[in-house]
Amino acid sequence: MRRLFPVALLISLIACAQDTYEAGRERMVREQIERRGVNNPEVLRAMRQTPRHLFVPEALRTRSYDDQPLPIGHGQTISQPYIVALMTELLDPRKTDKVLEIGAGSGYQAAVLSSLAGRVCTMEIVPELARSSAALLARLGYKNVTVLQSDGYKGWPGQAPFDRIILTAAPPEVPRALLDQLAPGGRLVAPVGATVFEQ
């Protein structure tokens with residue numbers, strides 16, 4: 001019986017940590033996202049279901065659901081949850097859409113998009129982040145997400161056209177190559193300066 005106690009304790013601690021993350025995720029959606037006007041039920045569902053804590057460095061997991069971006073290494077960050085939700089709502093992906101994401105980072109935005117779109121193609125210029133995000137997304141079972149290590153501003157001609165394109169970082173201007181790879185009637189969303197550009 002004494003040998004079983006540490007195992008039971010470990011299971012209890014894991015369950016407690018999961019409850020804490022789920023509570024943090026629910027609070028994030030309610031206080032940071034819904035309160036600021038994001039109200040698409042499918043986007044809110046995706047934000048509630050996607051485990052953001054698994055996409056941040058382990059040392060920062062207690063801050064996973066805070067209202068701020070967090071560093072993920074290589075001078076990059078995982079975006080503030082509200083920004084992820086807002087841009088996803090503006091993108092308005094549908095189950096039949098092929099989405100191109102520029103700037104995979106840790107893979108979090110792609111994970112959110114995966115339950116909303118038919119296919120997600122995400123590009124990351126930093127080799128280490130491309131490798132780690134691809135491995136994490138595969139390990140977590142996101143089967144409709146493909147990661148390519150490349151300069152996203154050139155787009156992904158071999159997979160074009162895209163119904164939706166999203167840029168996770170603000171470019172000086174929207175690259176012509178991305179507009180050329182957008183399907184007729186498609187939508188592109190990108191942060192430009194302090195605002196979000198939508199076309």
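Trainee: Is Phe55 buried or exposed?

Mentor: This is a predicted model, where local features need pLDDT of at least 70, side-chain atom pairs count only at pLDDT 80 or more, and totals for chains, interfaces and linings use all residues. Residues are numbered from 1 along each chain as its sequence is written, and side-chain values use heavy atoms, without hydrogens and water. Buried means under 20% relative accessible area, exposed over 50%, and partly exposed in between (1.4 Å probe, protein chains only). Phe55 has 3% relative accessibility, so the residue counts as buried.

Trainee: What is the angle between the planes of Phe55 and Tyr108?

Mentor: Rings of Phe, Tyr and Trp (its six-membered ring) pair if their centres lie within 6.5 Å; planes under 30 degrees apart are stacked, over 60 edge-to-face, and the rest tilted. The count by this rule is 1 aromatic pair. Phe55 and Tyr108 form a tilted pair, with 5.9 Å centre to centre and a plane angle of 55°.

Trainee: Which side chain of opposite charge is nearest to Glu89?

Mentor: Lys and Arg count as positive, Asp and Glu as negative, with His and the chain ends not counted. A salt bridge needs a side-chain nitrogen of Lys or Arg within 4 Å of a carboxyl oxygen of Asp or Glu. Glu89 is buried yet has no salt bridge; at 9.2 Å, the nearest side chain of opposite charge is Arg187.

Trainee: Which residue has its backbone nitrogen 2.8 Å from a polar atom of the Glu89 side chain?

Mentor: Beyond neighbours within four places in sequence, Glu89 is in contact (heavy atoms within 4.5 Å) with residues including Gly37 and Val43. The backbone nitrogen at 2.8 Å from a polar atom of the Glu89 side chain belongs to Asn40.

Note on methods
Polar contact = N/O pair within 3.5 Å; in protein donor to acceptor, adjacent residues only side chain to side chain.
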